[in-house]
Amino acid sequence: MTLSDMESDVCDREDEGSAEPDVIANGNILETFSESQETRSLICSLKNVYEDLTALEVTTQKFLVIMDKYQEQPHLLDPHLEWMLNLLLEIVRDKSPPALAHLGFKFLYIISKVRGNKCFLRLFPHEVADVQPVLDLLCLQDPKGYETWETRYMLLLWLSMTCLIPFDLSRLDGNITAQSGQARMPIMDRILTVAKAYLTVSDKARDAAAVLVSKFVIRPDVKQKRLADFLDWNLSTLSQASYQTMEGTVVVDGMLQSLAQLFKHGKRDDFLPYASTVLQCLDNCKLSESNQTILRKLGVKLVQRLGLTFLKPKVAKWRYQRGSRSLAANLSISTQAQPYTVVQNTELTDKEEEEGYDIPEEMENVIEQLLVGLKDKDTIVRWSAAKGIGRVTGRLPKDLADDVVGSVLDCFSFKETDNAWHGGCLALAELGRRGLLLPSRLPDVVPVILKALTYDEKRGACSVGSNVRDAACYVCWAFARAYDPLELQPFVTPIACALVIAAVFDRDVNCRRAASAAFQENVGRQGTFPHGIDILTTADYFTVGNRTNCFLNISVYIASFPEYTQPMIDHLVNMKINHWDGVIREQATKALHNLTPKAPEYMAETVLPKLLPLAVGVDLHTRHGAILACAEITHALYKLALETNRPVTDFLKEASIEGLKCIHDKVCGTSHYRGFGGELMRPAVCSLIEKMSLSKMPYKNDPIIGGWQWLIDDSLKSIHLFSSAAKQKIKETAVSALAALCNEYYQSAEGAVDPTIQDELVSRYIVQLQSTEKMTRCGYALALGALPQFMLRGKLQQVLEGLRKTTSISVMDVSFAEARRDALKATAQVCATVGVSLGGSPDSVACEQNVPQIYSTLLECMRDYTTDSRGDVGSWVREAAITSLMKVTFLLVQSHPELISPDICSRMLCCLAQQSAEKIDRYRAHAGSVFLQILHFNNPTVPHIPHREELLRIFPSSETETLNWNAPSQAFPHITQLLGMPAYQYHTLLGLSVSVGGLTESTVRFSAQSLFDYLKTIQQDATAMNSFGCTLLQIFRDNVRNDRVSIPLLKMIDQMLSNGCFDIFAKEENHQFGMDLLALCKEEIRKSKDIQKLRSSIAVFCGLIQFQGDIRKKVLLQLLLLLCHPFPVIRKTTASQVYEMLLIYDDVIDLAVMEEVMTMLSDTNWEAELTTVRTQRNNLCELLGVQKPTPVVKSLVQ
């Protein structure tokens, strides 16, 4: 049970990453029932729509939507309930057809569901005249009808109201002799019979029957005559039913509900004689062993009602009373600096002491069952037991009540499960809220609650305990309201620290928010929490929703208050760096880094020595977190020392310096780098190496440097041995560690490096670039990219050549897309590291001799369209190439723009234009963004951009940020304008062909529309059309048999022919464009077995029939050849499309044979055997005047 469930003034919790805060804040903003007129019209329309199923469903759905809107603010319906009820009851009372009456009751149920039947029932008519009609109508219902359960439910509730009339029911019977002479059943018995019948049904009417019983059986006349009989029937039915079956479960549920309601609403004196018997029957049922949650909950509920029946209904005079609970009064008292007044009746008079209590023996059994219920596996059972403990304890003497509190505290043993801890927290909150937990018990209770606030028990790969921590927050929230500030004063600091820690460092968002709400309640009610208002403004309900923000930002602010600094650090060290969740461990170590400036001496002298043994301990998670924490704290101390120009060793003791150095050797000596543990240890120790290097620890020329280098190299070499989830982390940390290690420990004071170390390391890394393992190549490529300048001096050409070979595609490594991607990233990093010099050495800097090679490598990778089982993996390479091109270009432009030749710039912009026109949204957006950045770069401008002025007109600087390249509707209208520029036409059309002929509906629609819009502007310009046609044919020639381009290209050409884009060519006799296109299509499908390609070519052939001249006969010949294709589906498709073609172009054949040709195309079964089909095809050849194809006889090669 969560804190947010307890009180309506605490906002509903939300999961991390769900709705935005303003949505939650606006959850309860309705002020009135604004749909009253619409609701009235819907109810009035029921008589007209109940026979029309469609209209009925629409009406019902509208009513449901309106009502559901007020689920959180049902009180807004109160002024309107009466007229809604009257309208619906008119329908029921007017002898309406059964379907309409059921519909009225259904609407009544919907209203009661939203408002609650307790409030809604009071408005039902409950006069004497209503008893008989309601009862008669209920008797007419089918208890098992699954479509009319709302009717039975509402009638039972209505009957429960009518039976409250203050007259003896026997007066309603009159002459109970029927016309046949047989006695009629009295109304009392009829109602009881109906109630008994519905207590055993399986629908919601069972709940209403229990309400009916609770109101009817406690009537004075019914109680006197039928109470004993009803209880006998109930208990006998309960004892005979078995919860092992579904039917038995339903019966037990009904019996328990009715008993619980009776003992709740009945007078104690009436039910006390039966309480022992009911308790004994309940014990015999052994409900605690049932796997049905609702039965166990009802059992606990009935037990607590029995306990309240055994005890006299008197308020314990010993209970604690705070006095004024008004927040405004408390604040005014606080403002006036007046002392608190506490009313606490803890002393009894002598007479009351002597009188004491007469506690029945059965109470021991009751309390025992309630305590067992606190440990139940389901929350609703534990919550019911907690409420029972609170109610029963309020009627016990002080000593016995204290024993109950002691028993509740026994739930907080570490031998108990998380269920017991949760139930115990709920019980303590109830006891405190009711004033039954005396201040004398607070020294025992508060330490337990503080433990519960951090309860987290590992179970397998996860943990349990979030509900315990949430309930512990509820306890703190309840105590804030229950106790006077003077009583809680001794415990303010530990409670405040614990709540702040939970609000900031808890893993679960609901616990963080519950702790924040409890802290807020304590600040408002108690007024003694240190810096409460300041903390609340930073760590409120919404800001604690983001866990990273809590760990890294909010924690730093709160730690600035000295009362919270050390407890927060201790919690991270004791509870979080050994957490089962790796993300929490990492965030905890980063939080320690941020908190170090708040207590540097404590970190260096206490925390770090405590962490060093843990860093080489046995437990994997503790070891991982401790190593990361050591690294982060040391680095933070270095930053702090740097502010005063001191070395980090001023903070660290000699033992700590030695301990940090020995971590790697000890971890390596115990083989913790192997196996599953290695996935955590390798990145952790690599992070340690990086932080030690950045912190300038005094390890230069120490043998440990060799060990660290071995770990980095071995990690890069062995990445492929680890799981997919760990590979990226190991690679990144090893590369970062290498860069820091080289900078600190391989560089001399003069900035040079030992040639032996340099030669050995660079050569080894370059050799590993040709490893047979993909991930090894990735790691060493990024490692070369991370090397500092002094390590690359004199080795640049070797490094660039090694990276170039890694980016090239061979048969053996065609699927190594990740290696090619990382090699491109490394190439750009290396260029940025070594810098640019116009006349420098190609072995040391980027210069005139190696810049063309660099660009050649990057531009070549822009054509990587490798695919495998993962899809277009070449897109990763293209994306990296685009990014690297931008970085290298900006680097050169800012240093020596003359190194960028016109040819390089033209090729680069053309490749970017092609990528900006392609089909994958993400990569189109990336290429388009880089294209615009290069175009608008002005520090200084990039030289030799072709058609710069036209490009600036198409892409003005104002659109650099606003143009959404991800949206095809925005991107393609801009990019198609590049078709008018000769330099970009080929590559832009190449990219567009893949988009127009693609599969994504939105991409195809907008790219095709943009292309056609462009062609309309040049359709009458013969020169422009000839240029466009030549470019299109050239693309086709360059990509014959390249299915990635040729198939979408055929689809695009089909669309262009269908839209009349080439009418200027088609009117000319034997135009060369049509002849060349036909030849290319024939070459493309020669010996092809690709169904998609063949279908696309058929459509193109049919489109080419519009061209005038001899080409028509050639096109018809190709189509007739396809009518005898080995694939039946191709034959059928060809016949269908030729039929449509002849309908459109009726001048292709003689009108005299048109009808016969069309009949033959449509009536022939083109999926029949080839011999049959070939005869029909040959007949078509004669009719169309085309030479019959001659079958090719295949000769057998001996």
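Is Thr39 buried or exposed? Thr39 counts as buried, because its relative accessibility is 0%, and the cut-off for buried is under 20%. The model is predicted.

**Thr39 and its surroundings**

- Thr39 sits in helix H3, which covers residues 36–44.
- The side chain of Thr39 has a polar atom 2.7 Å from the backbone oxygen of Glu35.
- Setting aside neighbours within four places in sequence, Thr39 contacts Phe33, Phe63 and Ile66, and also Met67, Trp83 and Met84.

**How H32 and H33 pack**

- Helix H32 spans residues 600–615. Helix H33 spans residues 620–642.
- The axes of H32 and H33 are 9 Å apart. The two helices pack at an angle of about 150°.
- Why are H32 and H33 called roughly antiparallel? Their angle is about 150°, and angles over 145 degrees count as roughly antiparallel, so H32 and H33 are given that description.
- The crossing of H32 and H33 is left-handed.
- On the H32 side, the residues that meet H33 are Pro600, Met603, Ala604, Val607, Leu608, Leu611, Leu612, Leu614 and Ala615.
- On the H33 side, the residues that meet H32 are Thr622, Arg623, Ala626, Ile627, Ala629, Cys630, Ile633, Thr634, Leu637 and Leu640.
- By type, the residues of this contact between H32 and H33 are 16 nonpolar, two polar and one charged.

**Leu628 in helix H33**

- Leu628 also lies in H33.
- Leu628 is buried, because its relative accessible area is 11% and the cut-off is under 20%.
- Which residues does Leu628 touch, not counting those up to four places away in sequence? They are Glu586, Thr589, Ala684 and Ser687.
- Take Thr589 from that list. Leu628 and Thr589 are 39 residues apart in sequence. In space, their C-alpha atoms are 6.1 Å apart.

**Asp378 in a loop**

- Where is Asp378 found? Asp378 is in the loop between helix H19 (362–373) and helix H20 (379–393).
- Asp378 touches Thr293 and Arg296, leaving out residues up to four places away in sequence.
- Asp378 and Gln1072 are 694 residues apart along the chain. Their C-alpha atoms are separated by 82 Å.

Definitions and conventions: Residues are numbered from 1 along each chain as its sequence is written. This is a predicted model: local features need pLDDT of at least 70, side-chain atom pairs count only at pLDDT 80 or more; totals for chains, interfaces and linings use all residues. Side-chain values use heavy atoms; hydrogens and water are left out. Helices (H or I, at least four residues) and strands (E, at least two) are DSSP runs, numbered from the N terminus. Buried means under 20% relative accessible area, exposed over 50%, partly exposed in between (1.4 Å probe, protein chains only). Contact means heavy atoms within 4.5 Å. A polar contact is a pair of N or O atoms within 3.5 Å; within protein, one must be able to donate a hydrogen and the other to accept it, and residues adjacent in sequence count only if both atoms are side-chain atoms. Axes are lines fitted to C-alpha atoms, for helices over the stretch in contact, and angles run from 0 to 180 degrees between N-to-C directions. Angles under 35 degrees count as roughly parallel, over 145 as roughly antiparallel, 65 to 115 as roughly perpendicular and the rest as oblique. A crossing is left-handed if the near helix is turned anticlockwise from the far one by less than a right angle, and right-handed if clockwise. Ala, Val, Leu, Ile, Met, Phe, Trp, Tyr, Cys and Pro count as nonpolar, Asp, Glu, Lys and Arg as charged, and the others, Gly among them, as polar.
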